[in-house]
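Good morning, colleagues. Please look at the model on the screen while I go through a few of its parts in turn.

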Amino acid sequence: MKIAILSRNKQLYSTHRLLEAGREAGHEMHVIDTLRCYMSMVSHKPEIHFKGEVLEGFDAVIPRIGASITQYGTAVLRQFEMMGVFPVNESVAISRSRDKLRSLQLLSRKGVGLPVTGFAHSPDDIPDLISMVGGAPLVIKMLEGTQGIGVVLAETVKAAESVIEAFMGLNVSVMVQEYIKEAGGADIRCFVVGGKVIAAMKRQAKAGEFRSNLHRGGTASLIRITPEERATAVRAARIMGLNVAGVDILRSNHGPLVMEVNSSPGLEGIESATGKDVAGMVIRFLEKDARPFRTQTKGAKG
């Protein structure tokens, strides 16, 4: 198969591993800088151009779209979809998962366990908002934050009020969540591929830190997850519509709670912690699902 990887940097670990795994499996692999793609929208003949050439003949596309370029990246991915190219994750699913508030609303509607979460617009509602999630300590999150940036633990009600007021004063949208103390600064990243959890790791925050992100100095280790945690991760990915996802779960006294569903989960931490060829599993998923998709698409065009 001819496979495109949408990525801004082929030297990134995840991009490099997918490139390597695809080539080892005998596929023709191309890394394409998302922001260097430009598109032509003509009836019945959508095109993508890249550095002066038309991109054509691709069977599948693996989107590795950073949060900062979600809008343009999903537009490029939509164009591939219009051309009949199989996406590992569809553009609409990526957009859905990147909107933190929308994704939590969807998960809530389907009964998936979540930390109690509040969202408000007016500063006048801050006291009731804090009360709604159980008071302090509580976690305040920017809706646009990634990798633990824009996440604050407020130890007291006064601190929470000050931080929320400051964000609102800057016209930054935030949500507040109950603090799950019993998680002990740790979460579980479940890596879902094709409706199955193929690997899982525990991420532990460093001393004095509550954010377990590896970019914030957290450490990763192999963990055995429970059947309930496995089922929760699979359901969360399915509700988002993602074939490949990193589902972040907290262990609480009332069961697994989903914090986030990531549409472009990194491979370095999960492969290092588990020793599994996660990149190879993504490629094998493509091999199984892309070929019938291309056959159906070509048949529909004919």
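**Annotated positions, a helix and a hairpin**

Let me begin with Y179, which, leaving aside its neighbours within four places in sequence, is in contact (heavy atoms within 4.5 Å) with P137, L138, V139 and L153. Before going further, I note that this is a predicted model, in which local features need pLDDT of at least 70 and side-chain atom pairs count only at pLDDT 80 or more, while totals for chains, interfaces and linings use all residues. Residues are numbered from 1 along each chain as its sequence is written, and side-chain values use heavy atoms, with hydrogens and water left out.

Y179 sits in the loop between β11 and β12 (186–193); helices (H or I, at least four residues) and strands (E, at least two) are DSSP runs, numbered from the N terminus.

E178 belongs to strand β11 and is buried, at 18% relative accessible area. Its contacts, apart from neighbours within four places in sequence, are L114, P115, V116, V133 and H254. A polar atom of the E178 side chain lies 2.9 Å from the backbone nitrogen of V116.

I turn now to helix α6. This helix has 13 residues, 157–169, and at 1.5 Å a residue should span 18 Å, which agrees with the 18 Å between its end C-alpha atoms; the expected span is 1.5 Å times one less than the number of residues. Which residues of α6 are buried? They are A160, E161, I164, F167 and M168. Seen down the helix axis, these buried residues fall within an arc of 135°, so they line one face of α6; the arc is taken from the directions from the axis to the C-beta atoms. K158 and G169 are exposed on the other side of α6. The cover over the buried residues of α6 includes α5 (126–132), β9 (138–142), β10 (151–154) and β11 (174–178). After α6 comes N171, with a positive phi near 60°.

Finally, the hairpin. Strands β15 (residues 244–252) and β16 (residues 255–262) pair in the antiparallel sense over 7 bridges, pairing being at least two bridges found by DSSP. The hairpin has 2 residues between its strands, and S252 stands opposite G255 in β16.

Methods. Buried means under 20% relative accessible area, exposed over 50%, partly exposed in between (1.4 Å probe, protein chains only). A polar contact is a pair of N or O atoms within 3.5 Å; within protein, one must be able to donate a hydrogen and the other to accept it, and residues adjacent in sequence count only if both atoms are side-chain atoms.
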